[in-house]
Amino acid sequence: MSDAADQIFVLARRSVVRTSRQPAQWIAPLVFPMLLLAVNSGGLKAVTHLPGFPTDSYVAFALAVPFIQGALFATMNAGTELARDIQTGFLNRLALTPLRGAALLAGHLGGVVALGLVQACFYLAVGLAVGVRPASGVGGVAVLLVFAALIALAFGSLGTWAALRTGSAESVQSLFPVFFVFLFLSSMAIPRNLIQQAWFRDVANANPVSYLLECVRSLIITGWNGEALGLGFGVVAAVGVGALALSARALPQRLAR
Amino acid sequence: MRLASVARGVAWRSLHNVFTNPSLLIPQLAFPLFFFTAFAGGLSGVSRVPGFDFAEGYTAFQFVFVLCQSAAFGGVFTGFGIARDFETGFVRRLLLAAPNRTGIVLGYAVAALTRWLVTATFLTAIAFAVGMKVGGSGVDLPALYLLAALVNVAAGLWACGVAMRLRTMQAFPVMQFPVFLALFFAPVYVPLHLLQGWIHGVAYVNPLTRVLEAGRSFIAGAPSEAGVAFGVAAALAVLFAFWALRGLRSAEAAG
């Protein structure tokens, strides 16, 4: 294995092991989205009777939400863990080694993506267990997992950037409500065309989270929808590239040699 | 007399901490407003579901839920403050100094109620500003606030009891989670009769369902099940008062 690959592997393994040893870090991302799914799919089942609602199963419609909520947790976990490394001086000690900055980011985010994939498999398994059958079939499930990994990478990069900029776990945690606002002001609970309030519809139209949700949703309830997939992958690529570039720019200040 | 002076001191300190610290005050005001916006705005289409018959509209329908939610979480947030006071050692010093320790619990409960009243005023002003409709002549509205105040007291005493027993900030989820479940396993988005499946069964036996349904009837100007709702809310407050006082004894015993 090359030096860089070795460094990435060791840091990714450390990230995964560290997360697995802190139950709060992985139980919350698994349980909370499922709880919200249960509450919403029970309480909003009547919404499927609205003319134009795309499916008669609200669970299938709402199953997209945990994927995005899981990404928010990935953001927080990625940022908090890195901020803790900064606060405890671990990053300063790493700066004394020949570790490359890119390897640090890749290793750290590798762990986040691994957790994101575990989350996605769990959400899918729960969905299948309660009778949701993805309309896009096995191929769609594969695309869904790739998308989940990309979401974890993109949002994890955002958390990483926040940690590198602030160096404080508390500051990263304080971002959580901001992301939550984005989730709630999207087409999370009802399709955009069925939102009655014009101002809310405009907000949901402008909110990139709506397109992430609709990408996942299209694979589950409508099958292969090029527009939804294009918009979803486009948004996640834009967020990911932007956040990675910002993280790469902020890293040298924290990994000063 | 000693009870009142201890309660006044604890309540004043707790309120002073909240109202001079933006990081505590802003979430208390912003979160209910955010939920109100997200639910009343984003889900307004729910009012077109066949069988949805709440005449005052979806904004008023959701206002009642968000008001009760802000009341419950106002109480829980006060529990967070008590846990923080334990970790900093403040409550232990208070236990040594207070001539009547029951006043400590009373003081925290008064603080929870007072801070919620500020949130409720803010939320109400916003709701009317965005055109919320109230049925009847509005004379039933005070009953809605009284009902929500009882929810606030009950939730505050619940969180206080947990904080007194566990005495650590790590107890936050223990305070928050049952309240969250009780709130969201009630008819949040649609009336009880429109819920289907398992959630209807859960909501039917959930005591907060009575509170929400009565609260919505107050805002519609056609009170129904008021006695049951007040009975349930008062019973919860009394039950959790015992829970909090037993927690106080547990904290005393722990030293």
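**Close-up views of a predicted two-chain model**

**Figure 1. Contact between chain A and chain B.** In this predicted model, 19 residues of chain A are in contact with 22 residues of chain B. On the side of chain A that touches chain B, two elements of chain A give two or more residues each, namely helix H2 (23-43) and helix H9 (176-184). H2(A) supplies the largest share of that side, with three residues. By class, the chain A side of the contact divides into 13 nonpolar, five polar and one charged residue.

**Figure 2. Packing of helices H7 and H12 in chain A.** Helix H7 (residues 137-166) and helix H12 (residues 226-254) of chain A pack with their axes 8 Å apart, at an angle of about 30°. Because angles under 35 degrees count as roughly parallel, H7(A) is described as roughly parallel to H12(A). Their crossing is left-handed. H7(A) contributes A:Phe147, A:Leu150, A:Ile151, A:Leu153, A:Ala154, A:Ser157, A:Leu158, A:Thr160, A:Trp161, A:Leu164 and A:Arg165 to the contact. From H12(A) come A:Gly232, A:Val236, A:Val239, A:Gly240, A:Ala243, A:Leu244, A:Leu246, A:Ser247, A:Ala250, A:Leu251 and A:Arg254. Sorted by class, the residues of this contact are 15 nonpolar, five polar and two charged.

**Figure 3. The largest nonpolar core.** This core holds 164 residues, of which A:Ile151, B:Val151 and B:Ala154 touch the most other members. Helix H3 (residues 58-87) of chain B gives the core its largest share, 17 residues. A:Ile151 also belongs to the contact of H7(A) with H12(A). When residues up to four places away in sequence are not counted, B:Ala154 touches B:Ala233, B:Leu236, B:Ala237 and B:Phe240. In soluble globular proteins, nonpolar side chains tend to be buried together.

**Figure 4. Packing of helices H6 and H9 in chain B.** The axes of helix H6 (residues 141-166) and helix H9 (residues 207-219) of chain B come within 8 Å and cross at roughly 155°. Angles over 145 degrees count as roughly antiparallel, and H6(B) is therefore roughly antiparallel to H9(B). The crossing of this pair is left-handed. On H6(B), the residues in contact are B:Leu141, B:Ala143, B:Leu144, B:Leu147 and B:Val151. They meet B:Val211, B:Ala214, B:Gly215, B:Phe218 and B:Ile219 of H9(B). The contact comprises nine nonpolar residues, one polar residue and no charged residues. B:Val151 is also one of the residues that touch the most other members of the largest nonpolar core.

**Figure 5. Two loop residues of chain B with positive phi.** Most residues other than glycine have a negative phi. B:Arg167, which is not a glycine, has a positive phi of about 55°. This arginine is found in the loop between H6 and helix H7 (172-184) of chain B. B:Arg167 counts as buried because 20 C-beta neighbours lie inside 10 Å. B:Glu225, likewise a residue other than glycine, has a positive phi near 55°. B:Glu225 lies in the loop between H9 and helix H10 (226-254) of chain B. With 15 C-beta neighbours inside 10 Å, B:Glu225 counts as partly exposed.

Figure 6. A:Ala28 is found in helix H2 of chain A and is partly exposed, with 14 other C-beta atoms within 10 Å. From C-alpha to C-alpha, A:Ala28 and A:Phe73 are 8.2 Å apart in space, although 45 residues apart in sequence. A:Leu72 is placed in helix H4 (residues 64-87) of chain A. A:Leu72 has 24 other C-beta atoms within 10 Å and is therefore buried. Not counting residues up to four places away in sequence, A:Leu72 touches A:Phe155, A:Phe176, A:Phe179, A:Phe180 and A:Leu183. A:Leu72 and A:Gln173 are 101 residues apart in sequence, with a C-alpha to C-alpha distance of 11 Å.

**Figure 7. Surroundings of B:Leu95.** B:Leu95 is found in helix H4 (residues 90-97) of chain B. B:Leu95 is partly exposed, with 15 other C-beta atoms within 10 Å. Leaving aside neighbours within four places in sequence, B:Leu95 is in contact with B:Arg101, B:Ala251 and B:Glu252. B:Leu95 and B:Glu252 are 157 residues apart in sequence but 7.3 Å apart in space, C-alpha to C-alpha.

Conventions
Residues numbered from 1 in each chain as written. Chains lettered and ligands numbered in written order. Predicted model: local features only at pLDDT ≥ 70, side-chain atom pairs only at ≥ 80, totals over all residues. Axes fitted to C-alpha atoms, helices over the stretch in contact; angles between N-to-C directions. Helix = DSSP H or I, 4+ residues; strand = E, 2+ residues; numbered from the N terminus. Parallel < 35°, antiparallel > 145°, perpendicular 65-115°, else oblique. Left-handed = near helix turned anticlockwise from the far one by under 90°. Contact = placed C-beta atoms within 7 Å. Nonpolar A, V, L, I, M, F, W, Y, C, P; charged D, E, K, R; others polar. Core = buried A, V, L, I, M, F, W, Y, C linked by C-beta atoms within 7 Å. Buried ≥ 20, exposed ≤ 12 C-beta atoms within 10 Å, placed from the backbone.
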